[in-house]
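Hello,

Here is the structure I promised to pass on. My notes follow below it.

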Amino acid sequence: MMTIRIWAITLLWTLAGTEVPGAEIPEGPGLGRPAPAAYIAAWDTDVMADGAGLPPGAGTAEAGTRIYAQQCLSCHGEDGLGDSGDQLAGAQHKLTDEWPEKTIGTFWPYAPTLFDFIRRSMPMRTPGSLGDDDTYAVTAYLLYLNGIIGFKDEMNAVSLPKVRMPNRDGFIDARELP
Amino acid sequence: MARGDNRDKQLSAPTEFAAGNGLLDRRLFLQGGMAIGSAMLLSGTDAAAAGETAIDPRPKWMREPGAEFRPYGFPSLHEDEVVRFASPNRVMRNNGASWTPLHLLEGTITPNGLHFERHHNGVPSLDPEQHRLLIHGLVARPLEFFMSDLLRYPLRSQICFLECGGNSNAGWNRIPSTAEAGYFHGLASCSEWTGVPLATLLHEAQPGEGVRWLIAEGADAFAMHVSIPLEKAMGDAMLALYQNGERLRPENGYPLRLILPGWEGVLNVKWLRRLELSDRPAMARNETARYTELLPSGKARIFSFVMEAKSLITSPSSGMVLRQRPGLYQITGLAWSGRGRIRQVDVSADSGKTWAPAELQEPVLPKSFTRFRIPWRWSGAPAVLKSRAVDETGYVQPERKVLLAERGRHGFYHYNAIVNWAVDEQGSVSHVYDDDDQDLGDHPPVDAGWD
C-alpha cells in the first residue's frame, strides 16, 4: 500500500510538473463522500477572469443606473466616487501620479471579475440578492462610469470577457521578482 | 522588599556593554539576580512607585472564600485593558479589522480571544452540522466532507503566525503613527493550529492532469474567494479545526479554516466551504484589485504570498514610560518570517549606529513568532531603539527608507520595515522615523486603512 501511495503521489507531481516538497503525505481514512453534480453546480458560482462561469442573461448601463441608485449609491456615492464604500470610478489620478487612485477603471485587470465580485459579495447588506440580469446591468453601469463601455452596450457572457480593461497588463508576478 | 531598594546595587554591578548607548550582553539576565525597571503604558499604575501602604497581615481575599467554578474561564477583571482594538467601517460595522494588543502580551502564543480579525462582511453564525467542505474541479473524485468526517482523520498540529497582508500599513504614512505597538503591528497573531493536512484530502480526490491552482471559498456573507498555488496546497497547508487546543473561534473560521503557514492572512480562508482544483487562478477581486502592491512604476505586484521577515520591540514601545529612570530595562519583542525560522534579531539603542544580538527564546520554530530579549541600561538621555530580524534564508529586515525606495509609498500591503521607538528624557516612548527618512513636503499623510 505504502509503495502504491508514494507512486501515486509522484505521478501526481510529475503531472503537475513540480518537485515534491517533503513527499510525505499522510494517508487518510478516505471518508469523503461523492459530491453530487447538482450540488457542485449550485455552489460553484465562480466567474473566471476569462469569463468562464458567466451565466446566461444580459444588462446595459442604462438598466444599471436605477439598480445602482437603489442598491449601491448609499455606500459608493454619486457616480461611484466613493463614500463609506470604496471609490469605484472617477479617478483623477493615474497609477504613477503622486497620489494614485485605484478604481475599476485605473486598476482592475479583468471585467468578468467585476461580475463575479458583485454577484458574490454585494450589496453588502443583502449579498447574493441580485439576479444575473441585474448583476450584468450594474456591472455595465460601473464600466460605463469608468468610460470603458457605452451607455447602451449590452453586457452578457460573450461581450463582457471581450471588454479590455485599461490596466490589463498592470501586474507583475511577485514570485518572478528578485 | 520594595523594588527600589536594590536598584543601586544592580546599577553598580559589573556589566559588559554589547553595543552603544547601554545595550548589555543578552545573556546577562540568565545569570540571575537582576531586578529590572518596567516600561508601562501611561495609563498604568504602579503600587510600588506610589509608596508604601499599611501592611495588612491578612488581606480581604484571604478572609473570605474565593469565587466558585466557572464552566469557561476568562481573564482577571484587572486585565480588562488587554483587548483588541477594532476599526470597523463607519456604515458596515461588520467590515473592518481588529488588532492583537502585542504590546500587552508576553511569550509567543496569542490567546484565542485576542487573535487579530479581518472580516469583510462579519462573522457568520453557521451551523457546524450543516457545514460541509466540497473538493471539486479537475479531480477524478469530487468529494464532500462533513465536519464529523474531518474530525476522524489523523490530525496534525503546527504552531505558526498569521499576518494580514495589510498589517503595519500605517508605516507607509508620512507622519509616524501614534498607535501603541499592537494597534499598529498587531494584525499578526500566533497559534497552534490542529487539523488535517490538506494534501491528504486532495490526494483522496485524485487531482487530474494540469492542476496548478486551488480556488478556496469561505461560507461567510462575503463568500471570500482566493487562489492558491498547488505547491503550497500539497506542502504544509492544513485544514484547521482547532486553535490552541479548542475548536476554532467563530471569528477565526469556525468550524474549518485553511492554514497556509507563512502566507498572507487573506489566503487562509475562514469558514472554508469549497476547494476547486483548477489549471489557472480565478483572478478574484481579492487577488487583483486588493492585496496587490502598487509600485512606483505604476505596475503592481500580484501573488505576493509570503510574509517577509519582520520584528518589533513590544516593550518598551510607543505610549509607554520607563518608570525607574534611569536604570536597567529589559527590551523584549517579537520576530517572525514567512520563509522559515528567525536566525537572529539585532537590537540597537543608538538609532542603528551599533547593534547587539538579542537572546532568542527557545524553541525557535519556523514561520512562528519568536520572542527576543536583551538587557539595556538607560542612561536617562534620549535614545532610539530598533530591532532588525534576519531569517534562515539570510533575508534582513529593511530600514524604512530602503523599503520606500524599493516599493514607493502606495504599496499598502507587505510593510515590514524596521520599527523605531524614541525614548525622551522623561522616559516617554514614541514612534519616530530616522533623521534621513523624513518627508518635509506639505503632502497630506497617507491615510492607510486596513484591507
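Start with one pair: the side chains of Lys367(B) and Asp236(B) form a salt bridge, 2.8 Å from N to O. Please keep in mind that this is a predicted model.

Chain B is assigned domain 1 (112-301) and domain 2 (310-440). Their centres, taken over C-alpha atoms, lie 29 Å apart. Domain 1 of chain B brings 39 residues to the contact, and domain 2 of chain B brings 32. Between them the two domains bury about 3,000 Å². Carbon and sulfur atoms account for 59% of that area. On the domain 1 side, Phe161(B), Trp172(B) and Arg174(B) supply 26% of the buried area, more than any other three residues.

Two salt bridges are found across this interface. There are also 16 residue pairs in polar contact. Strand S9 (156-163) of chain B gives the most to the domain 1 side, with four residues.

Now to chain A. Asp46(A) sits in the loop between helix H2 (37-43) and strand S2 (58-59). Is Asp46(A) buried or exposed? Asp46(A) is buried, because its relative accessible area is 5%, and buried means under 20%. Its side chain makes polar contacts with the side chains of Arg120(A) at 2.8 Å and Arg274(B) at 2.6 Å. Asp46(A) also touches other residues of both chains, including Asp116(A) and His225(B).

A word on confidence. The model scores ipTM 0.91 and pTM 0.92. Chain B averages a pLDDT of 92. Residues 1-14 of chain B stay under 50. Where pLDDT is low, the predicted coordinates should not be read in detail.

Best wishes

Definitions and conventions
Residues numbered from 1 in each chain as written. Chains lettered and ligands numbered in written order. Predicted model: local features only at pLDDT ≥ 70, side-chain atom pairs only at ≥ 80, totals over all residues. Heavy atoms only, no water. Helix = DSSP H or I, 4+ residues; strand = E, 2+ residues; numbered from the N terminus. Buried < 20%, exposed > 50% of the residue type's maximum accessible area, 1.4 Å probe, protein only. Polar contact = N/O pair within 3.5 Å; in protein donor to acceptor, adjacent residues only side chain to side chain. Contact = heavy atoms within 4.5 Å. pLDDT = per-residue confidence, 0-100. Domains from an automatic or database assignment. Buried area = accessible area lost by both parts, 1.4 Å probe. Salt bridge = Lys/Arg side-chain N within 4 Å of Asp/Glu carboxyl O. Lists of a residue's contacts leave out its neighbours within four places in sequence.
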